[in-house]
Amino acid sequence: MKYFTLLSICFSLLLGCKSKTEKEEPPVLENHPDLVVAFGSCNMPEENNPFWDDILAENPDVWIWGGDIVYADTDDMDRLRNIYAKQDSVQGYAELKANIPIIGTWDDHDFGLNDGGAGFKVKKESQQVFLDFMGVPANSDRRNREGVYAAHTLETSKGSVKILVLDTRYFRSDLIKDEDPNRRYKPDTSDSATVLGAEQWAWLKNQLDSSQADFNLIMSSIQVLSGEHGFETWGNFPKETEKLETLIAQSGAKGVLILSGDRHISEFSKKEVSGLPYPLIDFTSSGLTHSYSSFNGEPNQYRVGEVVSDKSYGTVSIFFDEKELDLKMMGDNGTVLQELKQTY
């Protein structure tokens, strides 16, 4: 860019006098991200979602459903298909779907059973309906294996991002009710308790161990690091949480970030994990059409910043040269509700 010497002309009332040697200040150039990932959870197609136009205007490289895409809570597959069809008919979402790649996972309400897990009797049928909604081809290998987990890679000339979408429903052990009336569930410390199941664990280990990506984003429908509140969380299975943290640290995978949903609140959690040369962050973004508006506090020893109980979606802006992620909780009309940056 060239900067030209100003003419020594005095506009006394408008600009004032500038000397002939004075130069214009160079404009401040915004550092644009190399990739943008947008995600969100907890969406009712019959309710107004104010964010579809904002997300489309942001032109992300991918949209990730973090679960509870619809609220079906049913073992009737025809009803489930109709509710997904209703979501597809939402104009703003249809426009997003026509322009932006969409991937994602389910949570309990689109799985079909509130707080449901491995014992849900029609989980195989529900899986196929979910894959239909996500546009997974009929001949895809995903049609012939149990669970909806999947790996996706975004490539650029500067670097790549691997997105690992987990299934925390299909294989998950039963939850244990807590006798404390202020808590719904209590931790299961048995060796047999699982969140992902043996096959998915083996898949995840292989994906992380072999990853050459500059950043690795793990989409979990339920929170990983916030485990004290007594609702659904990986914290109900502390040995599984420890296993995940160990796996991430030992894999050597670069720039691992966890994304999560489910809670109808948004928050950042950050933890120093032994053997991991950077803090592990869990970015929770929830919900899109309804939120925990009466939220008045809950413990989370790893929380960074404040809980956002307004409706929101999340974005992850990726800068390869700087090895930096810029995480934002987004409100309506491009409002940034909270932001966290992390260099890896």
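In this predicted model, strand β8 (residues 215-220) and strand β9 (residues 256-260) run parallel and are joined by 5 bridges. Within this pair, Met 219 of the model stands opposite Leu 259 in β9. Helix α6 packs on the sheet, where it touches β4, β5 (160-165) and β8. The direction of α6 makes about 175° with that of β5.

**The sheet of 7 strands**

- The strands β4-β5-β8-β9-β11-β10-β12 form, in this order, an open sheet of 7 strands with mixed pairing.
- Strands β4 (150-155) and β12 (303-308) stand at the edges; each has a single partner strand, so one side of each is left without a neighbour in the sheet.
- From one strand to the next, the twist averages 15°.

**Gln 200 in helix α6**

- Gln 200 is located in helix α6, which comprises residues 198-209.
- Gln 200 counts as buried because its relative accessibility is 0%, and the cut-off for a buried residue is under 20%.
- When neighbours within four places in sequence are left aside, Gln 200 is in contact with Tyr 149, Leu 166, Asp 167 and Phe 171.

**The sheet of 6 strands**

- A further open sheet, of 6 strands, has the order β3-β2-β1-β13-β14-β15, and its pairing is mixed.
- Its edge strands are β3 (102-105) and β15 (336-343), each of which pairs on one side only.
- On average, neighbouring strands of this sheet are turned by 20° against each other, with direction ignored.
- Strand β13 (residues 313-319) pairs with strand β14 (residues 324-330) in the antiparallel sense, over 7 bridges.
- Opposite Ser 317 stands Asp 326, a residue of β14.

**Helix α5 and its surroundings**

- Helix α5 spans residues 123-133, and its buried residues are Lys 123, Ser 126, Gln 127, Val 129, Phe 130, Leu 131 and Phe 133.
- After α5 comes Gly 135, which has a positive phi, near 75°.

Technical notes: Residues numbered from 1 in each chain as written. Predicted model: local features only at pLDDT ≥ 70, side-chain atom pairs only at ≥ 80, totals over all residues. Heavy atoms only, no water. Helix = DSSP H or I, 4+ residues; strand = E, 2+ residues; numbered from the N terminus. Buried < 20%, exposed > 50% of the residue type's maximum accessible area, 1.4 Å probe, protein only. Contact = heavy atoms within 4.5 Å. Pairing = 2+ DSSP bridges. Axes fitted to C-alpha atoms, helices over the stretch in contact; angles between N-to-C directions.
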